[in-house]
Amino acid sequence: MPDTPRSRRFTVARFREEDAEGVVALFSAVYGDSYPIAAFRDPALLAAQNRAGRITSAVARSDDGQVVAHSGLCRSSPPFPRLLEAGIMAVLPDWRETFVAMRLGVWVMESLVLETPAEAVFGEAVCNVTATQRLSFLTGYAPVALEADLMPEGSYAREGEPGSVSCLVVFRSWRDRRRALHVPAAYRDEIAFLLEGLGLERDLVSASSLLEPDPTAISVEDFGAAGVRRAALSLAGRDIDEVIDTLEAPGASAHVRVRQVCVSLAHPSCGAAVDALRARGWFLGGLLPRWFDDDALLMQKLEGPPGFDRVHLHGERAAAILDLVRRDHERARSAAGREEARPGASS
Amino acid sequence: MTVTIEDVRNLMKKAGIDSGLVDRIDPAVPFLRQGVTSIDVPLLALATEKEWGIAISDDDAPAIRTIDDVVRYVASKGRGA
């Protein structure tokens with residue numbers, strides 16, 4: 001057998017507590033000592049989070065037992081605990097020309113998931129290159145949304161992309177039930193398109209344009225280092241404009257450059273929420289199935305112009321999603337221009 | 001059904017390898033000498049497994065370096081022979 005990187009042997013397996021030191025060393029070697037998830041800087045915390053089921057790690061070990069790659073599933077932003085995120089990938093540089101990333105990724109996305117309570121899995125595939133997208137599609141995941149400029153400038157500079165990087169959200173359902181979905185009028189066609197091929201049974205009913213008398217139900221999370229603010233909105237009340245003011249306020253400790261609201265489509269008032277966001281220059285990101293157990297619509301707003309021209313996508317469906325997002329961004333930009341030009345409009 | 005060089009070319013395109021590059025590839029020359037990247041090769045292996053329902057063992061994988069190798073390997077697994 002030729003002595004090439006591709007012939008190097010490895011084993012893919014579920015994480016054991018004795019792997020924790022090796023995983024932290026791996027992440028340090030790949031990302032330096034500032035990886036944003038604390039568990040990957042602290043072996044005891046990583047082991048504890050695996051025991052608690054917040055992270056389900058998988059590793060690839062070389063023949064001599066070194067951890068050479070990691071991937072896994074974790075609880076992240078979605079309020080629904082049985083929607084897990086796949087990712088947290090790191091591969092030692094010496095092993096990048098082997099099959100290890102592919103074998104580990106496939107094992108996590110097709111097999112490890114069956115050992116968890118997950119009913120659905122999503123991933124955020126970076127769009128400076130298409131490798132993760134292609135791996136996702138080959139394992140049955142479908143694109144559902146585009147998160148514009150999610151990763152900050154410099155995140156992928158070593159890979160030749162100095163600017164911010166968008167992410168394609170990919171999704172696969174493992175268990176689901178038929179349910180009703182309230183559809184904001186502005187995005188009826190888009191939602192119907194995004195549901196195609198996901199294997200989800202949905203009864204589409206028109207959302208309401210009326211706000212509820214109760215206060216808006218929303219939770220907000222700031223990712224300071226990334227400059228991202230992400231909110232989960234499950235009900236739109238009469239205070240929606242004040243809520244959007246708060247979302248659009250500057251960050252307390254870090255500059256917020258990307259704002260996202262995941263609007264639950266379970267409640268009829270989602271129509272009013274989407275109307276209010278659109279009126280303030282927010283634009284479509286796509287569908288986030290099972291985000292709240294029920295599905296959500298992703299709306300987004302950026303501080304600067306989006307780097308759509310830097311987005312590299314694989315496949316017609318992904319390209320169609322970019323097209324939807326881009327057109328809606330253009331609509332939002334034009335509307336903002338008209339508002340600024342209106343006599344008496346505040347600056 | 002026989003798996004042909006053309007079938008492999010089509011699969012390479014489906015796996016996201018540049019169409020123009022795929023059309024120019026010599027079936028007898030290793031992928032990596034013709035502009036296919038080290039990231040593309042594992043994805044092509046995975047696409048091959050999914051398309052023809054076979055498993056490529058880690059022992060066999062390093063020896064599959066050309067389009068001709070893919071055709072022969074799939075045939076050896078009783079698919080496309």
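**Terms and values in chain A**

Guide: Buried residues make up 47% of the 347 residues in chain A, where a residue is buried if 20 or more other C-beta atoms, placed from the backbone, lie within 10 Å of its own, exposed if 12 or fewer, and partly exposed in between. This is a predicted model, in which local features need pLDDT of at least 70 and side-chain atom pairs count only at pLDDT 80 or more, while totals for chains, interfaces and linings use all residues. Residues are numbered from 1 along each chain as its sequence is written, and chains are lettered from A and ligands numbered from 1 in the order in which they are written.

Visitor: What makes chain A as compact as a globular protein of its length?

Guide: Chain A has eight helices and 14 strands, these being DSSP runs numbered from the N terminus (H or I, at least four residues, for helices; E, at least two, for strands). Its radius of gyration is 21 Å, close to the 20 Å of the globule rule for 347 residues, and therefore chain A counts as compact in that sense; the radius is taken over C-alpha atoms, and the rule is 2.2 Å times the number of residues to the power 0.38.

Visitor: Which residues have the most contacts inside the largest nonpolar core?

Guide: They are A:C262, A:V263, A:L297 and A:M299, in a core of 128 residues. A nonpolar core is a set of buried Ala, Val, Leu, Ile, Met, Phe, Trp, Tyr and Cys residues joined through C-beta atoms within 7 Å. Leaving aside neighbours within four places in sequence, A:V263 is in contact with residues including A:L233, A:C270 and A:V274, contact meaning that the C-beta atoms, placed from the backbone, lie within 7 Å.

Visitor: How do you know that strand β10 of chain A pairs with strand β11 of chain A?

Guide: Two strands pair if DSSP finds at least two bridges between them, and seven bridges join β10(A) (residues 217-223) to β11(A) (residues 228-235), which run antiparallel. One of the bridge partners is A:V228, for A:F223.

Visitor: Why is the crossover from β4(A) to β5(A) called right-handed?

Guide: Four bridges join β4(A) to strand β5 (residues 120-126) of chain A, the two running parallel. The chain passes between them through helix α3 (residues 100-111) of chain A, in a β-α-β crossover that is right-handed, a name given because, with the strands pointing away from the viewer, the path from the first strand over the helix to the second runs clockwise.

Methods: Two residues are in contact if their C-beta atoms, placed from the backbone, lie within 7 Å.
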